[in-house]
Structure formats: C-alpha cells, structure tokens
Amino acid sequence: MPEYTGNAGGDVAAGTCRPCSRPGLVLGRAAGLRRQASAFAARVVLFSAAAASSAAVLFILGFILRDALPFFKLRGFSEFLTSVKWFPSRSPPEFGALAIIAGSAIVTACAAAFAVPLGISAAVCMSEVLPFRTRQAVKPVIEILAAIPSVAYGFFALVVLAPFLQDNGGTALSAAVWVAGGPVAAIACVAAGGAASSLLPSRAGRAARWPLAGLFAAAAFIALRELSSAAEDLEISSGTNALNVSLILGIMALPTVVSVSEDALQAVGRDLREGSYALGATRAETVVKVVIPAASSGLVAAVMLGIMRAAGETMVVWMASGNSAKVPSPIYNLLEPIRTLTATIAGDMGEADHVTGSARYHALFAMAAGLLLVSFACNVASEWVMRRARRKNSGG
Amino acid sequence: MNGRRILLGALVVLLPVCATTGQEAGGRKAKIVVDGSTTVGPIAKAFAEFMMDRDQGVKITVAESGSGNGAKSLINGSCDVAAMSRFMKPEEFKAAVDKGVLPVAHAVAMDGLAVIVHPANPVKALTTAQIADIYTGGVSNWKDLGGPDVKIVIVSRDTNSGTYEAFEELVLRKRKMCEGVEYVGSSGAVRQRVQTTLGAIGYAGLGFVDRTVKALEVDGIAPDRDSVASGRYPVARPLFMFTNGYPKLGSALHSFVTLHLTKKGQEIIEAIGFVPMTDYR
C-alpha cells in the first residue's frame, strides 16, 4: 500500500519517524529526521503561541468571575440590576448599577449612531467613488484618528468641547441639524418622490416625479427649520454630558469602522461588479444592490468592532461624561451627565478594599464581568451573522 | 490598580538604585514601606523623594491603596507607615492591639478645602448649611442664593478620593449627595470645570485655588493658610501618618514621620497644596 508522507507533520505526535520519500525526492535518514524535527518544533511554537492567547482570555475570564461572584453572594442580583442608587462609599453602602448600565448603553448607542452611518458612507465613498490615488492618501489620514491616545481625546472633550457646548451649544446644535439633516432629507425626498410617482399611472407618474419631490423637499425644509430653531433655544448648562462623550467616542470608533468596512468592500470581487454593470445596472445600483450585500459580513464585523471600541473606552468617559450615576430624564436627553461602567471601575478601584474583599471591591468586578459578557455576546452574534452571510453568498 | 501600584513602587525603588552607584552618603541603610490614603500619598511621595535624595542608603516605597487598606497593612505588619486621611477607627485600633501593634498618630498637615465658583458669579459667601443644600439637591438655582438665574452645576471629586471623604464628613454630615452631581477624577479637573462653567460650584484643596476661580467665604471665614491652621475655617481636617509605636530616635523612620516639623518638610507640604501644622516663618 502507498505510504502517506505528503504532510510533513503527519505523525510526529505519535513519535514515529518515517523516512520522507516523496516520489522523485530521496532524502537520507538524517535529513528526514531533521526535517521532521523542525516541523515538530514549528508546530509546537505555533501551537503554544495560539494557546497562549486563548489561555490569556480564559484566565482573564476566570479571574474576573472569581472576584465578581462573591458580590452576588453578598448582595444578590436584584439591587445591582434594578436600583439606580449608587453610593458605594457610604455606610451602609448601596450598589444599584442600573443607572450606570443605562449610561454605558446610551453612550455606546449614540456613538454607534454617529460612527456607523458616517463610517460606512466614508468607506463606500473611498472604495467605490474616489479614484485609487486619492483613496491611498485618504485612508492613512483616517487611520491616524486611531493612533491618537484616548487621554488626548478626553482632554480635548473636557477642555475644548465642553466649554464650547456650554457657550455655543444651541447654535452648534442647530447647525448640526442642517448639516446632518440636509443631505439625508435631500436623498429621502428624491426617493420618496420616485416612490410616490410610481403609484400613479405611468405617464402622469413620470411627469409628477420631480414636482412631488419638490413638494416633499419643501415639507422637509420646514421641518428642519422648526427643529433647528428648537435646537437654537437649548441651554446647555454643563458641557460634560452624554452628547459630548458620544461625539468623541463616535470619532474614536470611526477609523475602525471605516478601515474594516473599506477592506470588506474592496474584497468584493471584480467579477460581481462587472456582472452587475453588464446587466445594465448603474453605479449606484451596483453599490447598493450588489457590493454592499456581498460585503455585508465584513460590514457587520466593522460595526461590531466599532461598537466594542466605544463600549470599552474608559479614559474619555471618565474625564468628560460628568460621571453622575443617574438615568437622564427623559432617557433620550443627551444633555445630562451620565456615568458608565468603565469609568466607574477605573474611578472606584483605588479606595475599594481588596484586602478583606468588600462588596465595593467585588461590585467593580461584577461590572467588569458584565462588560465582558456583553462583548462576548457581540462577538458571538457577529460571528453568527458573518457565517450566515458567507453561506448565502457562496450560493448555498 | 495593582499594576499602577507596582509600577509606582518599582519607580520609587529604582530611583535610588540608579543614584547609588557612587559611595553611600550618610551611611544609614533602611527600608520604609508606606501604604494608605491617596490624599496623603503625594506628601509621602514628596517626603520619600527628599529623604532618598538626602540619605542615599534609604529606600522608601509608597503605595496608595486607600486609608482603610493602609490601616490594614500596618496591622498586618506589611507596611511601616500607614498614611491616612482620617483618624483610625476604634475597631481598627482594637484589631491592631490584638495583634500587638500600637498605632501612634503623627498629624503631618492640614487639608483645607476651598469651595470655588466661576469668577463672574456674584455670590461671595455661603454657609456650610447652604453648601450642603446645594450638594444634596435642595437648592438648584443660583438665584435662591442671591445670584443670577443660572442652574447650579455641581462638581465633586470622585467618591474614591480623600478630598471627597473630607467634604462629605465636614459639610454634608451624613447626608447623601444628590444624583445630578458631576464627579471628576482630580482636583485640577474640578478647577478646570469651574473656571469654564458659569453656573458651577466645586471644592478643591487650597493649593489648587488660583485667580481663574473664586474661593467663597464659608460661614464668614475666607479660606487661607492662617484660617485653616488656626481651625477657624470650617472645611479643614488633619492628615495622619500612623506608625507602630513611636519610632526609634535617630532612625530613618523617625526622620520620615517628623519631616513635617522641619522647615524643608513644611515647604514641601505647602508646595503640594496642603497647610503645614506649624508656622516656620
């Protein structure tokens, strides 16, 4: 029977050394041994490198859970998850983390709402619209955003952005309404005009398309003007608030989102694009209906990475979120200070009693465990989405 | 935080190692371990730096793990000096005596807290009761205190700091801070927030008060060195270092915990924003 020797590492683990005798390649016994030994060594090195990083994750998980579980033994779950009273240093202490969990959720969601549309549009622009040369210049510039240390972002948020919001908050917000709302409204009006006109009989519809779009545009203009004058009247008494950190976290998450989604869009094959053009699709149709769906798994990964970047950020929120353990009222009021899980862990660790292991100390680990579980869930979810998209794309 | 402590400790240990390549001046060899309050920490670190610079054989490590942990370390025998921003509690004394440790208090400095507002705020003076009302949420607009119609932005140090502890004890007297209080991580950040925010009120050690903010009179007394040292200014407290028994005269430990009585020690204390216990001038 033919002996299988193609795989150099084939049977090393069992300790048997077969002479490597590929057809046409004859090695002496010593050379064969040397080759197998070096293959074995390489396998050991690579395996231990891979094992070390997964072991690190397991150890982190283990140690955090070891210090988090005593908290729930001491205080139970219900206070931690349902109360908004966070007074860890009082006697008796109160450990209601709901407001802090809400704070983390609010800033993460708002940062994502800022970074995801902007980041994906920027990636589409770079990948599909800009010429190759320009893209090569623009991408590193965006990636520089990721190289700025977070304490520098925090300092900017505290020293520049917070006073700016206090002094010119209303004006800035009303300008933001126009800058963000304008383009969105323009696209929506054209699309709505097209959709409405297609409801009419075909000839009348063709004629009515642009007048209808104009009608929608006029309505949108009035709505935006109302919104911006409402924003103009807002008084921001404190600039260290949820809006401030959401903006900064959004900017910090931006390079991750742009870079990963741009790579995903680039990875979509030329054949797909050319097939789409060959069928008579326009560039917009190709991008929206072919390239983006084909790249969706990568885009999901980009969004997840961006969200986790924002959720895990500590320094910026510790410096510029105001750190009030309070649920904003109403909950969408971004102009109130909030407190996040990460900032609480960083800020409270110093005086937390780790010699005897007080509830205050373990409460912080309970928060860390919560964060870890959320990011784990995010990872699993994005993995699932990516796998599903891959199966669909491969025509299964 | 362990990482930070180890790093700090390593730095403090490594500094003299780098410096002692020549012969050892003074000839005194000793190792002092300080643990405890994050408020007293800067004093201990400045003292350690000065001592190690003067006596090349002395090695001092300073860890900042909180007053409570400092007391525990002294009781366990894992440190020589417990830096504490409060006096030892009766139960800590009891635990210490049970273990054969006799804590001796050395009051090294006074910590006076100035209550600061934006310079454009016309309010000049408040009573401790009014300040407590602001921080507990009873008063939320400056117009109720004789100021303009501006919402009060309440700024506090984080609950982790000794400064917070002192303020809570001396002004709030067991009442809870309200939910809307903004917490910041350093006294410099308190000043930064107050100097840029019209409606803000905050508190910080005397050393952090400069012309960009206005320090209020509290109960009619302006905060300054004399009013704090004499005990007239109400928002002030002593800071302590505890040792096991009174240290042997002439030992490095003795000169460490009595450094605050020397002219140099008082200059150091003043330079980092605290008030010396005695007047060297």
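A polar contact is a pair of N or O atoms within 3.5 Å; within protein, one atom must be able to donate a hydrogen and the other to accept it, and residues adjacent in sequence count only if both atoms are side-chain atoms. By that rule, two residue pairs (both at pLDDT 80 or more) are in polar contact across the interface of domain 1 of chain A and domain 2 of chain A. The model is a predicted one, so to speak of local features takes a pLDDT of at least 70 and side-chain atom pairs count only at pLDDT 80 or more, while totals for chains, interfaces and linings use all residues. Residues are numbered from 1 along each chain as its sequence is written, chains are lettered from A and ligands numbered from 1 in the order in which they are written, and side-chain values use heavy atoms, with hydrogens and water left out.

Now for the two parts of chain A. The domain assignment, with bounds from an automatic or database source, gives domain 1 (24-75) and domain 2 (82-395). Their C-alpha centres sit 37 Å apart. Still, 10 residues of domain 1 of chain A are in contact with 12 residues of domain 2 of chain A, where contact means heavy atoms within 4.5 Å. Together the two domains bury about 970 Å², 80% of it on carbon and sulfur atoms; buried area is the accessible area (1.4 Å probe) that two parts lose on being put together, summed over both. On the domain 1 side, A:I64, A:D67 and A:F71 lose the most area, together 51% of what that side buries.

Next comes the meeting of the two chains. Chain B puts 32 residues into the contact and chain A puts in 36. The pair buries about 2700 Å², with 46% of that on carbon and sulfur atoms. B:N160, B:K176 and B:E179 supply 22% of the area that chain B buries against chain A, more than any other three residues. B:K176 turns up again in a salt bridge with the side chain of A:E94 (2.8 Å, N to O), and the count between the chains is one salt bridge. There are also 12 residue pairs in polar contact between chain B and chain A (both at pLDDT 80 or more).

Methods
A salt bridge is a side-chain nitrogen of Lys or Arg within 4 Å of a carboxyl oxygen of Asp or Glu.
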